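Student: I am new to this structure and would like to learn how to read a helix in it. Could you walk me through one?

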Amino acid sequence: MDWSDDDVDSVIDAWSEILPDLDLTPLDVMSRLRRVARDLQGIRERAFASAGLRAWEFDILSNLRRAPDGESMTPSQLSAATSTATGTSTYRVDRLVARGMVARTDHPADLRSRLVTLLPEGRSAVDAAMRELIGAEAELIRDLSRGQVATVVEALRTIATVSARPAPPRPNGRRTR
């Protein structure tokens with residue numbers, strides 16, 4: 001593995017000279033994280049596309065595939081699971097129904113509600129996309145030991161926990177995040 005300086009190192013070096021009193025460790029970590037996230041987005045889109053899916057389609061289908069009640073969810077559960085507005089979720093489910101990937105059925109326990117159910121076509125597509133995604137993501141971490149992977153996972157879990165907290169108010173009353 002080539003550990004020569006990269007563009008982040010160049011940015012850190014430049015800022016170190018401009019602001020020598022500032023610890024630039026957060027910039028070093030987050031700049032690399034941002035670059036990896038950007039690259040990962042492309043990898044994910046290609047994996048989903050290999051199965052004929054867009055990211056939002058994969059999101060819905062994978063939530064249904066993992067649903068505890070056997071590949072079915074109510075529209076409100078699906079909306080909450082995908083962090084989308086109910087109108088957006090309805091539109092997206094309509095598109096997946098038209099593609100034969102999911103079906104809307106009556107809810108057997110609640111006549112006021114419906115279920116969105118994964119169909120075999122959707123199951124095949126989401127499984128293929130997941131296999132492709134795992135293969136591509138495994139390539140990214142193949143040079144890491146199990147210990148390094150565990151360290152990265154724990155560090156990212158900590159960063160995610162901190163970033164999910166509400167930002168403290170600034171002196172002007174506005175939040176920083």
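Tutor: Gladly! This is a predicted model, so let's begin with confidence. The protein has an average pLDDT of 91, and 95% of the residues score at least 70.

Student: Where in the protein is confidence lowest, and where is it highest?

Tutor: In general, where pLDDT is low, the predicted coordinates should not be read in detail. Here, strand E1 (residues 72-73) has the lowest confidence, with a mean of 90, while H6 has the highest, at 97.

Student: Let's take H6, then. How many residues does H6 have?

Tutor: Helix H6 covers residues 120-141, which is 22 residues. From first C-alpha to last, H6 reaches 32 Å, close to the 32 Å expected at 1.5 Å a residue.

Student: Which residues of H6 are buried?

Tutor: The general idea is that an α-helix has 3.6 residues a turn, so residues three or four places apart point the same way. In H6, the buried residues are Gly122, Ala125, Val126, Ala129 and Leu133. Looking down the axis of H6, you find these buried residues within an arc of 90°, so they line one face of the helix. On the other side of H6, Pro120 and Arg131 are exposed.

Student: What covers the buried residues of H6?

Tutor: The cover includes helix H2 (25-50), helix H3 (55-65) and strand E3 (114-118).

Student: At what angle do H3 and H6 pack?

Tutor: Their angle is about 105°, and their axes lie 9 Å apart. That makes H3 roughly perpendicular to H6. On the H3 side, the contact is made by Phe58, Leu61, Ser62 and Arg65. H6 contributes Gly122, Arg123, Val126, Asp127, Ala129 and Met130.

Note on methods
Residues numbered from 1 in each chain as written. Predicted model: local features only at pLDDT ≥ 70, side-chain atom pairs only at ≥ 80, totals over all residues. Heavy atoms only, no water. Helix = DSSP H or I, 4+ residues; strand = E, 2+ residues; numbered from the N terminus. Expected span 1.5 Å × (residues − 1). Buried < 20%, exposed > 50% of the residue type's maximum accessible area, 1.4 Å probe, protein only. Arc of directions from axis to C-beta. Contact = heavy atoms within 4.5 Å. pLDDT = per-residue confidence, 0-100. Axes fitted to C-alpha atoms, helices over the stretch in contact; angles between N-to-C directions. Parallel < 35°, antiparallel > 145°, perpendicular 65-115°, else oblique.
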